Amino acid sequence: MSSQPVGEAAYSSQRQALRLSGLALAYMTFQTFGVIYSDIGTSPLYVLNGIWPSSGPAPSEEDIIGGISAIVWSLTLVPLIKYALIVLQFGTREGEGGTFALLQGLFPPDIRNDDDDRALTGDSAMLRAMSTRSSAEKLAGVKWFLLPWALFGTALTIADGVLTPAVSVTSAVGGIAIAKASVANNTTAISIAFLVALFAVQPFGTHRLSLVYSPIACIWLLLLGGMGTYNITTHPGIFRAFDPSRLVMWFVRTKNFDYLAGVLLAVTGCEAMFANLGQFNKASTQIGFSCFVYPMLVLAYLGQGARLIQDGDHVIVNVFYNTIPGGQGGGLYWIVIHLHYFVALIASQAIITACFSLCQQLINLKSLPPLKMIYTSETIQGQVYFPVINYTLAIGTIAVVGGFKNLANLTNAYGFAVSTVMFVTTSLVAIQMRFTRHLPWLLAIGFFFTFGFFDGLFFAASLKKVPHGAWVTLTIGSVLALFMLFWTWGKASPRFMGLEDEFDSMNRRNLRHFIGVEASGDEREKQVRKRLNANALQPGRETTALKYVGTSSMAKDIESVDDDDDDEEKELPSQESLYLVHEDDAHPRLPLPRLPTCAVFHKLTAGRGVPHTFYGFLRQWPALPRVVIFLSVRTMNINHVPREERYNVTKVRTIKGFYGVTYALGFRDNFCMSIDDIIDKICLLESRVGANDEAEANSIIQEIYKAVKQSTHIIPHYHVISAPLGFRGFLGGIFDRTRRLLIEGLYRRIEVMFPETGNWVGIIRVGINAEI
């Protein structure tokens with residue numbers, strides 16, 4: 001007997017964080033400039049005029065030094081120390097980042113085992129118990145708070161995917177209008193045209209876009225640093241901005257904390273550093289910002305401050321353009337202004353790719369409906385593209401540009417989202433520090449209060465701008481977060497309170513618990529009923545399925561032949577008679593004749609045992625195909641899996657003709673299951689198992705090839721029904737009716753719109769009433 005299933009290869013379905021070194025790491029670091037840092041790298045275009053409006057008077061020298069000090073220390077504390085050095089350490093084991101990734105760190109999903117998926121005579125209750133994480137146990141009481149909190153932060157980041165392109169593109173067109181006055185009357189139309197082009201190139205993927213964007217962004221950042229260095233020489237006293245007391249005295253002197261809303265614009269894009277972690281990796285993100293982007297930005301702001309001190313009334317009209325060495329009309333001026341158009345257009349790439357990464361996480365954990373996802377890289381599994389998400393962002397951005405006639409209102413809406421997401425990230429990292437990384441309480445509390453204080457200041461300043469445009473972000477984020485919370489409640493895995501997947505996992509059945517084999521009259525049926533009664537659900541639970549208690553047999557290694565969990569079972573004769581055993585003695589057993597066909601039952605969720613769909617199928621059509629295959633599909637951590645290594649097969653020992661199959665796909669492979677390849681693997685396994693009786697093995701193989709001439713694919717379809725929870729009284733009735741409305745009236749209708757197998761043809765969908 002083989003020690004591993006037939007066809008098993010050395011690939012893993014467990015994605016790992018990308019690790020690079022040498023030239024590969026240097027190249028990936030270069031790629032981050034055009035994607036991750038395209039947003040924060042364009043902040044010098046508008047930050048100082050966001051603090052001191054162009055229509056107002058030039059500030060005093062001390063106020064300028066205080067404002068520059070606030071910008072420099074904000075860049076140091078938030079993007080550099082908080083995100084680059086600390087938060088990036090808290091990505092998932094797959095290398096993903098963002099607020100939802102922090103939630104996964106607190107409630108990590110179970111690691112799926114391919115052998116357990118193929119085991120048809122085992123139960124899944126013990127498997128779930130064995131995989132429970134300590135952090136999930138300790139935080140179970142606050143899951144209802146942490147889940148919507150993380151989803152709200154994630155929703156606001158996606159809302160940034162609507163606002164960031166609107167802000168960056170309209171600012172670029174505004175720059176064109178300065179150089180060419182005739183453009184000023186058509187800024188909205190021109191902005192929309194650029195936005196259409198921006199979203200139209202997204203299908204090329206992060207890798208190809210970064211090849212174009214990164215050189216432009218790198219040259220841009222070098223120009224910022226160079227211009228800043230030159231401008232500093234006009235007033236070296238600007239270096240006093242490194243003294244943090246200057247920013248404190250600035251706020252004490254002016255008593256205008258609204259300035260923080262302008263300072264906040266200097267750190268926009270820092271959340272994209274973390275959300276884009278899966279697009280690149282931790283090392284490249286840290287090196288890119290710490291060693292290149294951060295110094296260039298600091299030099300740029302220092303230089304702008306120095307020129308503002310020297311030529312205040314002239315510079316304040318447009319700080320960025322009026323601080324270009326050589327002045328308007330000079331050679332450098334035209335180089336910068338033309339380069340600025342391209343940089344401003346690509347500035348939104350950071351948040352667009354971040355949205356794709358976040359949606360990948362959400363869909364994998366079933367917090368969003370299944371959507372078409374395209375892997376755009378041959379080497380990096382985290383670089384993905386969602387057509388529907390791209391179109392939605394494009395439509396939303398165009399609507400925002402058309403609806404907001406004032407760029408200041410757009411900026412207000414943008415800043416609110418950034419500050420809120422920063423605070424959500426701080427809180428979740430602090431919790432994970434203690435409960436996942438088991439760091440001292442003092443360290444976790446210190447991190448929360450230190451960075452939470454700065455996040456709170458930014459949030460308070462941006463909160464005042466809700467009536468002036470930030471209500472758009474709040475509305476988009478709230479609606480999206482509520483939808484994701486609702487979908488998670490109805491669909492996601494039990495770890496995230498999903499009702500439908502919980503029903504599926506709790507109703508998985510041991511094949512030997514409801515299929516009887518004629519052995520010695522009624523004695524065999526009594527043994528089966530005894531197992532049914534021993535593993536029945538606890539009294540009071542109103543459901544039609546069984547909840548099995550795991551036994552020591554669950555710990556057995558699954559080999560090429562799936563051993564039954566009853567030690568007394570021996571190999572049964574080849575001409576056995578099968579019958580369906582019901583859950584109680586009131587229903588007689590039903591004979592199950594074998595038909596010369598092949599049926600493939602698709603398992604859409606992980607776990608031992610057979611899905612409830614198979615039991616429902618037998619109750620509706622009491623007959624068994626000669627070959628019954630339970631198929632699980634896995635995406636592996638390589639781009640392509642060779643065809644001969646895609647199928648791993650396990651055979652059930654005690655019932656002839658039952659097989660568990662894992663279909664392994666590379667993340668760049670197309671789903672194209674071949675029943676012929678599966679049958680070849682099954683016959684190879686049968687020949688191996690029947691090596692001692694070659695004639696019997698050949699007979700079985702001939703039967704299999706004859707049966708496979710007629711094959712049918714069967715998938716489950718749950719017709720969800722709200723189960724009464726037993727609450728009494730007037731309020732209990734209202735609660736049950738509300739729950740029924742949400743599940744049957746809303747969730748069921750939305751689920752039909754997003755089927756997991758919507759584009760499959762030639763299949764049978766077995767309907768099951770799922771009381772959840």
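## Before we start

Local features in this predicted model need pLDDT of at least 70 and side-chain atom pairs count only at pLDDT 80 or more, while totals for chains, interfaces and linings use all residues. Residues are numbered from 1 along each chain as its sequence is written, and side-chain values use heavy atoms, with hydrogens and water left out.

Helices here are DSSP runs of H or I with at least four residues, numbered from the N terminus.

Let's begin with helix H19, which covers residues 387–403. Its 17 residues reach 24 Å from the first C-alpha to the last, close to the 24 Å expected at 1.5 Å a residue; the expected span is 1.5 Å times one less than the number of residues. Among the buried residues of H19 are Pro-387, Ile-389, Gly-396 and Val-400. Buried means under 20% relative accessible area, with a 1.4 Å probe and protein chains only.

H19 packs with helix H9 (residues 187–200) at an angle of about 170°, their axes 10 Å apart. Axes are lines fitted to C-alpha atoms, for helices over the stretch in contact, and angles run from 0 to 180 degrees between N-to-C directions. The two helices are therefore roughly antiparallel, a label for angles over 145 degrees. Contact means heavy atoms within 4.5 Å, and here it involves Thr-188, Ser-191, Ile-192, Leu-195, Val-196 and Phe-199 of H9 together with Asn-390, Leu-393, Ala-394, Thr-397, Ile-398, Val-401 and Gly-402 of H19. By class, these are 8 nonpolar, 5 polar and no charged residues. Ala, Val, Leu, Ile, Met, Phe, Trp, Tyr, Cys and Pro count as nonpolar, Asp, Glu, Lys and Arg as charged, and the others, Gly among them, as polar.

Helix H26 (residues 675–689) and helix H27 (residues 694–707) pack at about 165°, with axes 9 Å apart. That angle makes H26 roughly antiparallel to H27. On the H26 side, the contact includes Ile-679, Ile-682 and Cys-683, and on the H27 side Ala-697, Ile-700 and Ile-704. This contact divides into 8 nonpolar, 1 polar and 2 charged residues.

Helix H22 (residues 471–491) and helix H28 (residues 729–753) pack at about 95°, with axes 11 Å apart. H22 is therefore roughly perpendicular to H28, the label for 65 to 115 degrees. Among the residues that meet are Phe-483, Phe-486 and Trp-487 in H22 and Leu-742, Ile-743 and Tyr-747 in H28. The classes come to 9 nonpolar, 1 polar and 3 charged.

## A mostly covered helix

Which residues of H25 are buried? In this helix (residues 612–620), 7 of the 9 residues are buried: His-612, Thr-613, Phe-614, Tyr-615, Gly-616, Phe-617 and Leu-618.

Trp-250 sits in helix H11 (residues 244–254) and is buried, at 0% relative accessibility. Beyond residues up to four places away in sequence, Trp-250 touches residues including Ile-51, Trp-52, Ala-70 and Tyr-259. Ala-70 is 180 residues away along the chain, yet the C-alpha atoms of Trp-250 and Ala-70 are separated by 8.9 Å.

Gln-349 belongs to helix H18 (residues 349–364) and is buried at 1%. Setting aside neighbours within four places, the contacts of Gln-349 include Gly-34, Leu-198 and Tyr-213. Thr-164, in helix H8 (residues 143–179), is buried at 3%. With the neighbours within four places in sequence left aside, Thr-164 is in contact with Asp-39, Ala-347, Ser-348, Ile-351 and Tyr-414.

Key
Parallel < 35°, antiparallel > 145°, perpendicular 65-115°, else oblique. Buried < 20%, exposed > 50% of the residue type's maximum accessible area, 1.4 Å probe, protein only.
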